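Below is a briefing on one protein chain. It covers salt bridges, nonpolar cores and overall composition.

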Amino acid sequence: MTAMACEPKATSTQDETLLDYFLALETPEGFRAELIEGEIVVSPAPDGDHEDYLSTVFRQVMRLSKADMDGSGNKGLKLPRGGLCPKNYAVPDGTFAPRELRLFRGAPPWMPCDGVALVAEVTSSKADRDRIAKRHCYARAGIPLHLLVDRDEETVTLFSEPAGQEYTETHTVPYGKALPLPEPFSFDLETADFG
């Protein structure tokens with residue numbers, strides 16, 4: 001990992017300085033950087049199983065969703081953060097928005113999350129970041145649906161009804177059981193391919 005030289009502003013707070021350094025960070029090819037809960041996280045490229053699970057979600061959303069959806073893998077999202085801390089900059093494994101909104105067209109590398117219908121995460125080597133920290137960030141941002149494929153637990157969970165920094169509704173199924181996705185998707189996500 002390399003970071004570009006970045007001089008903090010003379011009036012910067014510690015959180016603003018962290019944000020400045022994060023935004024100037026240059027990660028090696030194949031890596032991605034995120035700013036989650038005030039911590040800079042650099043992750044390597046995902047393994048093949050991770051991508052296979054994600055591909056399964058993408059295929060079903062594109063084929064079966066009631067609403068026509070656009071999907072993006074690894075799209076940078078700017079998410080609100082509490083207090084005086086800098087904003088979170090997260091890169092969900094999958095981001096879905098209604099096609100009619102054309103959210104991705106002309107979007108900057110780090111776009112606001114307004115209009116995003118669902119974010120998807122497949123657990124990686126730092127599973128608690130996917131299970132807890134990112135869930136709180138997505139809820140705080142008001143993203144209506146968060147889908148978590150937990151490879152260690154062999155479950156798929158849909159979090160919905162964001163309120164504050166948590167989702168108030170949670171529906172979990174083991175691999176092999178269908179998981180209903182509400183509007184605007186309105187189909188049952190089949191999870192048999194995950195097992």
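**Salt bridges and cores in a predicted model**

A network of salt bridges links Asp128, Arg131, Asp150 and Asp152, a salt bridge being a side-chain nitrogen of Lys or Arg within 4 Å of a carboxyl oxygen of Asp or Glu. This is a predicted model, in which local features need pLDDT of at least 70 and side-chain atom pairs count only at pLDDT 80 or more, while totals for chains, interfaces and linings use all residues. Residues are numbered from 1 along each chain as its sequence is written, and side-chain values use heavy atoms, with hydrogens and water left out.

**Overall composition**

- The chain contains three helices and 15 strands; helices (H or I, at least four residues) and strands (E, at least two) are DSSP runs, numbered from the N terminus.
- Of its 195 residues, 45% count as buried, where buried means under 20% relative accessible area, exposed over 50% and partly exposed in between (1.4 Å probe, protein chains only).
- The accessible surface of the chain is about 10,000 Å², and carbon and sulfur atoms account for 50% of that; areas come from the Shrake-Rupley method with a 1.4 Å probe, and for residues only the protein chains shown count as cover.
- Of the contacts (heavy atoms within 4.5 Å) between residues at least 6 apart in sequence, 54% join residues at least 24 apart.

**Salt bridges**

- Side chains of opposite charge can pair when their charged atoms come close.
- The whole structure has eight salt bridges.
- Arg131 pairs with Asp152, with 3.3 Å between the closest N and O atoms. This pair links distant parts of the chain, 21 residues apart: Arg131 is in helix 3 (residues 127-140), and Asp152 is in the loop between strand 11 (145-150) and strand 12 (155-163).
- Arg131 is buried at 19% relative accessible area, whereas Asp152 is exposed at 55%.
- Glu166 and Arg135 form another salt bridge, their closest N and O atoms being 2.7 Å apart. Glu166 belongs to strand 13 (residues 166-174) and Arg135 to helix 3, with 31 residues separating them.
- Here Glu166 is partly exposed, with a relative accessible area of 28%, and Arg135 is buried, with 15%.
- Glu183 and Lys66 meet at 3.3 Å, N to O. The two are 117 residues apart: Glu183 is in the loop between strand 14 (179-181) and strand 15 (187-189), and Lys66 is in the loop between helix 2 (48-64) and strand 5 (69-72).
- Both partners are exposed, Glu183 at 54% relative accessible area and Lys66 at 60%.

**Nonpolar cores**

- A nonpolar core is a set of buried Ala, Val, Leu, Ile, Met, Phe, Trp, Tyr and Cys residues joined through side-chain atoms within 4.5 Å.
- The largest core has 24 residues, and those touching the most other members are Phe96, Leu118, Leu147, Val149, Val156 and Phe185.
- Two or more residues of this core come from each of helix 2, strand 10 (118-122), strand 11, strand 12, strand 14 and strand 15. Helix 2 gives the most, five residues.
- Leaving aside residues up to four places away in sequence, Phe185 touches Val61, Leu64, Ser65, Lys66, Met69, Phe96, Ala117, Leu118 and Leu145.
- Another core, of 16 residues, lies apart from the largest one and includes Met111, Tyr138, Leu148 and Phe159.

**Threonine 155**

- Thr155 lies in strand 12 and counts as buried at 17% relative accessibility.
- Beyond residues up to four places away in sequence, Thr155 touches Leu148, Val149, Asp150, Thr172, Val173, Pro174 and Tyr175.
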